[in-house]
Amino acid sequence: MNNNKKLLALTLGVALSASGPVNASLFGSSGYTETRYPIVLAHGMLGFDSLLGVDYWYGIPAALRRDGAQVYVTEVSQLNTSELRGEELLAQLEEIVAISGKPKVNLIGHSHGGPTIRYVAAVRPDLVASVTSVGGPHKGSDVADLLRRIPEGSTEEAIVAGLVNGMGALINFLSGSSSTAPQNSLGSLESLNSEGAARFNAKYPQGVPTTECGEGAYKVNGVRYYSWSGTSPLTNPLDVSDAMMGAASLAFEGPTDGLVGRCSSHLGMVIRDNYRMNHLDEVNQVFGLTSLFETDPVSIYRQHANRLKNAGL
């Protein structure tokens with residue numbers, strides 16, 4: 001399905017799930033998540049909108065729409081640089097603005113989606129009301145730094161890159177993505193390691209903390225900046241992905257969600273950086289198997305939508 005058809009389907013879905021004041025009243029919505037501008041969700045590396053019937057943002061869009069939010073779920077290249085992913089997102093964003101009739105959107109990006117939405121806000125702040133990063137590696141990831149130790153141009157690098165690119169291409173195909181950009185795992189790696197992140201931050205510093213573990217500017221060029229993340233790689237023994245998060249966390253010296261360090265996740269106003277969540281829990285995966293001792297991830301997104309609403313966004 002191409003992006004135009006996906007956006008049309010989303011528009012119809014939003015209309016049926018109380019996107020506006022009239023519909024909200026008609027369908028019994030509380031209006032709790034009814035933001036002024038639409039919410040646009042942007043996935044991370046190897047992400048998708050929906051894959052074989054499973055949503056990347058598991059249960060989150062429906063919960064937001066249920067109480068009044070107008071929500072669009074986007075899909076960009078699974079593996080590529082932050083800039084290229086940002087350009088793909090920007091093209092979809094321009095369509096969303098035209099379809100919704102609203103001049104701006106609230107961007108929420110998970111993982112590599114964080115730098116991706118930052119790029120869009122930096123080059124087109126007129127289209128963005130707010131940027132919210134969830135588990136974004138804004139100062140790089142120790143896992144990416146570890147992988148970057150594989151010698152450049154080596155056979156080992158070619159093999160690993162080929163395997164990862166193949167995974168990205170499969171996800172791209174199964175999700176029905178219209179992105180035609182070749183999968184570029186090495187481009188992702190260069191965007192997500194600490195050196196690449198530093199170069200990106202020098203070009204697009206909006207909202208990035210100037211201290212090691214502080215907060216960034218809350219508002220730049222009219223755009224509000226927020227972030228949150230987790231620091232618990234192991235959260236649910238029934239979740240098969242916990243083992244992967246636990247293994248990946250060994251690359252870090254400090255608190256991490258398994259793939260992103262606590263301080264690296266900071267952007268703008270830090271809502272919280274120590275949820276009992278791992279990197280996948282942050283989008284309510286896998287299948288909602290998250291910690292029983294932490295706020296439900298879906299509730300956190302609902303609370304944030306209400307925060308945006310109360311801020312006039």
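Visitor: Is Arg 148 buried or exposed?
Guide: This is a predicted model, in which local features need pLDDT of at least 70, side-chain atom pairs count only at pLDDT 80 or more, and totals for chains, interfaces and linings use all residues. Residues are numbered from 1 along each chain as its sequence is written, and side-chain values use heavy atoms, without hydrogens and water. Buried means under 20% relative accessible area, exposed over 50%, and partly exposed in between (1.4 Å probe, protein chains only). Since its relative accessibility is 17%, Arg 148 counts as buried.

Visitor: Happy to hear it! How many residues apart in sequence are the parts that Glu 190 and Arg 148 tie together?
Guide: These two form a salt bridge, with closest N and O atoms 2.7 Å apart; the term needs a side-chain nitrogen of Lys or Arg within 4 Å of a carboxyl oxygen of Asp or Glu. Glu 190 sits in helix H8 and Arg 148 in the loop between helices H6 and H7, so the parts they tie together are separated in sequence by 42 residues. Helices here are DSSP runs (H or I, at least four residues), numbered from the N terminus.
The separation asked for is 42 residues.

Visitor: Which side chain makes a polar contact with that of Thr 235?
Guide: Thr 235 is in the loop between strand E8 (a DSSP run of E, at least two residues) and helix H10. At 13% relative accessibility, Thr 235 counts as buried. At 2.6 Å (a polar contact pairs N or O atoms within 3.5 Å), the partner is Asp 281.

Methods
A polar contact is a pair of N or O atoms within 3.5 Å; within protein, one must be able to donate a hydrogen and the other to accept it, and residues adjacent in sequence count only if both atoms are side-chain atoms.
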